[in-house]
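Me: Please take one part of this structure and go through it closely. I would like to know which residues sit where and what they touch.

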Amino acid sequence: MTPGMRTHITLVTLAFALAALSSCAPREQLETEWIGKTRNDLTAAYGQPRGAVAEGDTGGEELFYSYQGHHYVFETGPDGKI
């Protein structure tokens, strides 16, 4: 396993852990609220993400947020939409 692969696996594991910790709103509510909005809409609401990982296979990004004690992971497509 290369160091880059190890980092990617670690970040994916972190994404799942952060998603599991999120309990403030039902998943359906978050999907309805954010699907189709842009990364700029997200940063206007929550500020810059705590972390961002480029997804080479999709051309998008995974964006990690901690906000008011809750943790969120958003994934964008190559067009920057969630």
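Reply: Glycine 59 is partly exposed, with a relative accessible area of 46%; buried means under 20%, exposed over 50% and partly exposed in between, using a 1.4 Å probe and protein chains only. The model is predicted, so local features need pLDDT of at least 70 and side-chain atom pairs count only at pLDDT 80 or more, while totals for chains, interfaces and linings use all residues. Residues are numbered from 1 along each chain as its sequence is written, and side-chain values use heavy atoms, with hydrogens and water left out.

Glycine 59 is in the loop between strand 1 (51-54) and strand 2 (61-67). Helices (H or I, at least four residues) and strands (E, at least two) are DSSP runs, numbered from the N terminus. Not counting residues up to four places away in sequence, glycine 59 touches Gly77 and Pro78, where contact means heavy atoms within 4.5 Å. From glycine 59 to threonine 76 is 17 residues in sequence and 8.5 Å in space, C-alpha to C-alpha.

In helix 3 (residues 39-46), the buried residues include Leu42, Thr43 and Tyr46. These lie on the same side of helix 3 because they cover an arc of only 95° around the axis, taken from the directions from the helix axis to the C-beta atoms. An α-helix has 3.6 residues a turn, so residues three or four places apart point the same way. The face turned away from the buried side of helix 3 carries the exposed Asn40 and Ala44.

Threonine 43 counts as buried at 16% relative accessibility. Leaving aside neighbours within four places in sequence, threonine 43 is in contact with Gln48, Pro49 and Tyr65. Just after helix 3, glycine 47 has a positive phi of about 85°.
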